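Student: I've got a new model open on my screen and I'd like to learn how to read it. Can you walk me through it feature by feature?

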Amino acid sequence: MFLPIFIIEMVKANIDVALRVLNPRLPLKPGFVEVKTNLKKDASRLFLANSITLTPETLSVDVKDDRIFVHWIEVKSTKEKERHISGKFKRLVKGVFE
């Protein structure tokens, strides 16, 4: 289940980045966000952080306890960031590793 959803999210993120490159008027609001996770194993948190990094517009820069710090091309609200950055991935990673 993880791979198809990951590929879909990666394609959507690539399209978003391409549109921002082609149309400089699209908003850019880069910044760092903190994503909390309930994943317990180090391997699952690492896998989630790497999955976030592999999708364009985001880059995981640190994993500390139950938090992942992510640089994002357009910082949005807390609810939106959870859904957009890691919402789907967290549930799937938990199913694989825990």
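Tutor: What follows is a short tour, from the overall layout down to single residues.
This is a predicted model, so to speak of local features we need pLDDT of at least 70, side-chain atom pairs count only at pLDDT 80 or more, and totals for chains, interfaces and linings use all residues. Residues are numbered from 1 along each chain as its sequence is written, and side-chain values use heavy atoms, with hydrogens and water left out.

Student: Fine. How many helices and strands does the chain have?

Tutor: There are 3 helices and 3 strands, and along the sequence they come in the pattern α-β-α-β-β-α. Helices (H or I, at least four residues) and strands (E, at least two) are DSSP runs, numbered from the N terminus.

Student: And what share of the residues count as buried?

Tutor: Of the 98 residues, 33% do. Buried means under 20% relative accessible area, exposed over 50%, and partly exposed in between, using a 1.4 Å probe and protein chains only. The chain exposes about 6,200 Å², with 64% of that supplied by carbon and sulfur atoms. Those areas come from the Shrake-Rupley method with a 1.4 Å probe, and for residues only the protein chains shown count as cover.

Student: How do I describe two helices that pack together?

Tutor: In general, you give the angle between their axes and the distance between the axes. Here, helix 1 and helix 2 (residues 42–54) pack at about 35°, with axes 10 Å apart. Axes are lines fitted to C-alpha atoms, for helices over the stretch in contact, and angles run from 0 to 180 degrees between N-to-C directions.

Student: Which residues make the contact?

Tutor: Helix 1 brings Phe 2, Phe 6 and Met 10, while helix 2 brings Phe 47, Ser 51 and Leu 54. Contact means heavy atoms within 4.5 Å. By class, the contact has 5 nonpolar residues, 1 polar and no charged ones. For those classes, Ala, Val, Leu, Ile, Met, Phe, Trp, Tyr, Cys and Pro count as nonpolar, Asp, Glu, Lys and Arg as charged, and the others, Gly among them, as polar.

Student: On to charges. How many salt bridges are there?

Tutor: The general idea is that side chains of opposite charge can pair when their charged atoms come close. The rule used here asks for a side-chain nitrogen of Lys or Arg within 4 Å of a carboxyl oxygen of Asp or Glu, and the count comes to 5 salt bridges. Take Lys 12 and Glu 9: their closest N and O atoms are 3.1 Å apart. Both lie in helix 1, 3 residues apart, about one turn of the helix. Lys 12 is partly exposed at 46% relative accessible area, whereas Glu 9 counts as buried at 14%.

Student: Which pair links distant parts of the chain?

Tutor: Glu 74 and Arg 20 form a salt bridge with closest N and O atoms 2.3 Å apart. Glu 74 sits in the loop between strand 3 (67–72) and helix 3 (78–97), Arg 20 is in helix 1, and they are 54 residues apart. Both residues are buried.
Helix 2 holds another pair, Asp 42 and Arg 45, 3 residues apart, meeting at 2.4 Å, N to O. Asp 42 is exposed at 58% relative accessibility, but Arg 45 is buried at 12%. Elsewhere, salt bridges that share partners join Asp 16, Arg 20 and Glu 74 into one network.

Student: Which residues form the nonpolar patch on the surface?

Tutor: Leu 3, Ile 7, Val 11, Ile 15, Leu 19 and Leu 26, with about 520 Å² of accessible area together. Patches are made of residues with over 30% relative accessible area and no salt bridge: like charges are joined within 9 Å, nonpolar side chains (Val, Leu, Ile, Met, Phe, Trp, Tyr) within 5 Å. Leu 3, in helix 1 (residues 2–22), is exposed at 54%. Leu 26 lies in the loop between helix 1 and strand 1 and is partly exposed at 33%. Beyond its neighbours within four places in sequence, Leu 26 is in contact with Leu 19 and Arg 20.

Student: Last one: what should I make of the phi of Asp 65?

Tutor: Most residues other than glycine have a negative phi. Asp 65 has a positive value, near 55°. Asp 65 is placed in the loop between strand 2 (58–64) and strand 3, and is exposed at 58%.
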